[in-house]
Amino acid sequence: DQQVKQNSPSLSVQEGRISILNCDYTNSMFDYFLWYKKYPAEGPTFLISISSIKDKNEDGRFTVFLNKSAKHLSLHIVPSQPGDSAVYFCAARQNSGGSNYKLTFGKGTLLTVNP
Amino acid sequence: GAGVSQSPRYKVAKRGQDVALRCDPISGHVSLFWYQQALGQGPEFLTYFQNEAQLDKSGLPSDRFFAERPEGSVSTLKIQRTQQEDSAVYLCASSIDGKITAFFGQGTRLTVV
């Protein structure tokens with residue numbers, strides 16, 4: 001049972017345009033969400049996170065939006081650059097209780113930014 | 001070192017062979033995690049250490065998998081009698097505190113033939 005779902009395996013965007021990556025979750029106990037970026041043959045690199053007490057967090061070109069009622073979050077990259085081409089993983093964590101260290105990941109979305 | 005270091009980067013094992021995967025976390029990081037990433041999937045939690053104590057091993061898929069961190073620094077993930085379904089990338093991550101964002105190593109790609 002996938003508790004974190006990234007329904008788009010891939011996304012192709014033109015350089016300079018907006019990239020929107022989506023993520024849905026089913027576990028209502030999740031209250032902290034992270035996006036990781038992964039280049040081939042490298043480990044995932046932390047990108048941006050958001051707590052469930054917020055609905056938006058921005059860091060430079062990257063913004064994450066959280067819609068708790070819909071159990072949906074999205075990562076916006078504006079403007080997209082060719083160097084952003086990578087696999088993006090959505091991850092979630094319960095920030096309370098005994099397992100607040102454990103990340104649950106989606107399957108990832110491959111973003112390709114074309115020059 | 002500056003980041004989490006894993007060795008070997010690639011490992012090919014014959015079915016039934018034992019393997020040992022090493023993780024050097026970032027110096028001073030108390031928490032250490034192992035994740036398994038199968039082809040086309042996201043990483044899945046295997047086990048968690050706080051210093052030398054293994055606090056959670058609920059994600060280990062079978063009793064053929066064993067992890068240790070005897071001095072609270074370097075960790076080893078051992079897989080006994082490897083099977084083809086063990087083929088995956090094994091990722092190690094560390095953090096100052098278990099609740100703080102974890103930094104991942106490059107992973108070890110294990111192929112069982």
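**Backbone, rings and voids**

With a relative accessible area of 34%, Asn51(B) is partly exposed. In this predicted model, Asn51(B) sits in the loop between strand E5 (44-50) and strand E6 (53-56) of chain B. Its phi is positive, about 55°, although the residue is not a glycine. Most residues other than glycine have a negative phi, and most peptide bonds are trans. Chain A has a residue with a positive phi as well: Lys71(A), at about 50°, is not a glycine either. Lys71(A) belongs to the loop between strand E7 (62-67) and E8 of chain A. Its relative accessibility is 27%, so Lys71(A) counts as partly exposed.

Cis peptide bonds are the next backbone feature. One of them joins Val78(A) and Pro79(A), with omega at about -10°. Pro79(A) lies in the loop between strand E8 (72-77) and strand E9 (86-93) of chain A. In chain B, the bond from Ser7(B) to Pro8(B) is cis, and omega is near -10°. Pro8(B) is placed in the loop between strand E1 (5-7) and strand E2 (10-13) of chain B.

Consider now the build of chain B. It contains zero helices and eleven strands. Its radius of gyration is 13 Å, close to the 13 Å that the globule rule gives for 113 residues, so chain B is as compact as a globular protein of that length. Taken along the principal axes, the box filled by its C-alpha atoms is roughly 35 × 25 × 25 Å. Of the 113 residues in chain B, 47% count as buried. Among contacts in chain B with a separation of 6 or more, 52% come from residues 24 or more positions apart.

The aromatic side chains come next. A pair of aromatic rings is described by the distance of the centres and the angle of the planes. Over all chains, the count comes to 15 aromatic pairs. In one of these, the ring centres of Tyr25(A) and Phe33(A) are 4.6 Å apart and the planes stand at 40°, so the pair is tilted. Both Tyr25(A) and Phe33(A) are buried. Another pair is formed by Tyr36(A) and Phe46(A), with centres 6.0 Å apart and planes at 75°, so this pair is edge-to-face. It links distant parts of the chain, with Tyr36(A) in strand E4 (residues 32-38) of chain A and Phe46(A) in strand E5 (residues 45-51) of chain A, ten residues apart. The accessibility of the two partners is as follows. Tyr36(A) has 0% relative accessibility and therefore counts as buried. Phe46(A), at 30% relative accessibility, counts as partly exposed.

Tyr36(A) and Phe46(A) also belong to a cluster linked by ring pairs, together with Phe89(A), Tyr101(A), Phe105(A), Phe33(B), Tyr35(B), Phe45(B), Tyr48(B) and Phe104(B).

The last topic is empty space. Rolling a probe the size of a water molecule over the atoms shows where empty space is left. How many cavities of 30 Å³ or more does a search of the whole structure find? The search finds one. The largest cavity holds about 40 Å³ of space. Its lining includes Tyr36(A), Arg93(A), Tyr101(A) and Leu103(A) from chain A, and among its residues from chain B are Phe33(B), Tyr35(B) and Ile100(B). By class, the lining residues are seven nonpolar, two polar and one charged.

The largest pocket contains about 550 Å³ of space. Its lining has 30 residues, and those nearest its centre are Lys38(A), Gln37(B), Leu39(B), Val89(B) and Arg109(B). At least two lining residues each are supplied by E9 and strand E11 (109-114) of chain A and by strand E9 (88-95) and strand E11 (108-112) of chain B. E11(B) gives the largest share of this lining, four residues. The classes in the lining of the largest pocket are 14 nonpolar, eleven polar and five charged.

The second largest pocket has a volume of about 350 Å³. It is lined by 19 residues, with Gln3(A), Lys102(A), Leu103(A), Thr104(A) and Phe105(A) nearest its centre. Strand E10 (104-105) of chain A and E5 of chain B each supply at least two of the lining residues. In this second largest pocket the lining comprises six nonpolar, nine polar and four charged residues.

Technical notes:
Residues are numbered from 1 along each chain as its sequence is written. Chains are lettered from A and ligands numbered from 1 in the order in which they are written. This is a predicted model: local features need pLDDT of at least 70, side-chain atom pairs count only at pLDDT 80 or more; totals for chains, interfaces and linings use all residues. Side-chain values use heavy atoms; hydrogens and water are left out. Rings of Phe, Tyr and Trp (its six-membered ring) pair if their centres lie within 6.5 Å; planes under 30 degrees apart count as stacked, over 60 as edge-to-face and the rest as tilted. Buried means under 20% relative accessible area, exposed over 50%, partly exposed in between (1.4 Å probe, protein chains only). On a 1 Å grid over the protein atoms alone, a cavity is a set of points where a 1.4 Å probe fits but cannot get out, and a pocket is an open set with protein on both sides within 12 Å along at least five of seven lines; lining residues have an atom within 4 Å of a point. Grid points are joined across faces, edges and corners, and a volume is the space filled by probe spheres set on the points. Ala, Val, Leu, Ile, Met, Phe, Trp, Tyr, Cys and Pro count as nonpolar, Asp, Glu, Lys and Arg as charged, and the others, Gly among them, as polar. The radius of gyration is taken over C-alpha atoms; the globule rule is 2.2 Å times the number of residues to the power 0.38. Contact means heavy atoms within 4.5 Å.
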